[in-house]
Amino acid sequence: MKKITLFLLLFLFAVTYSLQAQKQFAGEIQFKTKIEGTDDPNLLSSIESMTSKTSILGNKSKTVMNFGGMQEITNIWDGDKETSIFVIEIMGMGKYYKKTSTEERKEEMKFFDFSYSYEDDFKEICGYKCQKVIATKINLEDDAITETFFYITKELGGSKIYGEEYPGLEGFPLLTMTPLPQYCDECKMAMEAIKITPKKIKDIDFLLPDDAKNIDESPELKEMLGY
């Protein structure tokens, strides 16, 4: 009888684990970006012309930002492998990419320290309950501190889905508030989800575009981006 009970427990555990694994989100998120704390028309117009869309499949994400048709930036992140692909397309220059391997990523992260404060502050965004998180990033080389505010949901992913920029953050941000001290003391850029569409996403969507060239082939662009 005990053997049968143990078997049933193991079976229920396996079923529960399988169902949890199948709950990984797949779909598309559209974001709206705005600037707060300034009335600078040039800054406002540059941000208002930007569109942003993120595709998610489990722990993989692909974010495409278009700047008024003149420039497009795509970032592909694999949270399981901890690898990323950065693709930039500029009118008149073409499309270029840079890959970051798992080892390179770990080496980069050695120079930063991250901490997160999960606040007792919640808001609903696109039907998802989101919790406020204050993220503190410290550059260990010059002690520079960057503080970013998120409203995150755990319904779209765990600590791996947003691990490229903020490793260990538990969830995916549907609202990000980033200070812009280079423009003014009160300036903040807010990127908020305005539409979330669960849909079938394919693995092929996260591959390197065939028409992209290695950024090493363009020293001019490489220097401009600081690589």
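Let us start with how the chain folds back on itself: among contacts (heavy atoms within 4.5 Å) in the protein chain between residues at least 6 apart in sequence, 49% join residues at least 24 apart. What you see is a predicted model, in which local features need pLDDT of at least 70 and side-chain atom pairs count only at pLDDT 80 or more, while totals for chains, interfaces and linings use all residues. Residues are numbered from 1 along each chain as its sequence is written, and side-chain values use heavy atoms, with hydrogens and water left out.

The protein chain holds 4 helices and 12 strands; here helices (H or I, at least four residues) and strands (E, at least two) are DSSP runs, numbered from the N terminus. How many of the residues count as buried? Of the 227 residues in the chain, 33% do. A residue is called buried under 20% relative accessible area, exposed over 50%, and partly exposed in between, using a 1.4 Å probe and protein chains only. The accessible surface of the chain comes to about 14100 Å², and carbon and sulfur atoms account for 53% of that surface. Such areas come from the Shrake-Rupley method with a 1.4 Å probe, and for residues only the protein chains shown count as cover.

Two strands pair if DSSP finds at least two bridges between them. Look for isoleucine 29: opposite this residue stand threonine 54 in β2 and isoleucine 196 in β11.

In soluble globular proteins, nonpolar side chains tend to be buried together. A nonpolar core is a set of buried Ala, Val, Leu, Ile, Met, Phe, Trp, Tyr and Cys residues joined through side-chain atoms within 4.5 Å. The largest one here has 19 residues, and Ile29, Ile125, Tyr128, Leu156, Phe172, Leu174 and Ile196 touch the most other members. Strands β1, β2, β8 (128-139), β10 and β11 each supply at least two residues of this core. Leaving aside neighbours within four places in sequence, isoleucine 196 is in contact with Phe25, Glu28, Ile29, Cys126, Tyr128, Leu156 and Leu174.

Threonine 176 counts as buried because its relative accessibility is 13%. Not counting residues up to four places away in sequence, threonine 176 touches Thr148, Phe149, Phe150, Met189, Ala190 and Met191.

Next come the charged side chains. A salt bridge is a side-chain nitrogen of Lys or Arg within 4 Å of a carboxyl oxygen of Asp or Glu, and by this rule the count comes to 7. One of them joins glutamate 28 and lysine 199, at 3.9 Å from N to O. This pair links distant parts of the chain, with glutamate 28 in strand β1 and lysine 199 in the loop between β11 and β12 (213-214), 171 residues apart. Glutamate 28 has 16% relative accessibility and so counts as buried, whereas lysine 199, with a relative accessible area of 38%, is partly exposed.

Aspartate 211 also forms a salt bridge, with lysine 95, and their closest N and O atoms are 3.3 Å apart. Aspartate 211 lies in the loop between β11 and β12 and lysine 95 in strand β6 (residues 94-100), so the pair ties together parts that are 116 residues apart in sequence. Aspartate 211 is exposed at 52% relative accessibility, while lysine 95 is buried at 19%.

Which glutamate is buried yet has no salt bridge? That is glutamate 164, whose nearest side chain of opposite charge, arginine 105, is 4.9 Å away. For this search, Lys and Arg count as positive and Asp and Glu as negative, while His and the chain ends are not counted. Glutamate 164 sits in the loop between β9 (145-153) and β10 (172-179). Not counting residues up to four places away in sequence, glutamate 164 touches Asn75, Trp77, Ser84, Arg105 and Met109.

Finally, turn to glutamate 48 in helix α2 (residues 41-48). Glutamate 48 counts as exposed because its relative accessibility is 61%.
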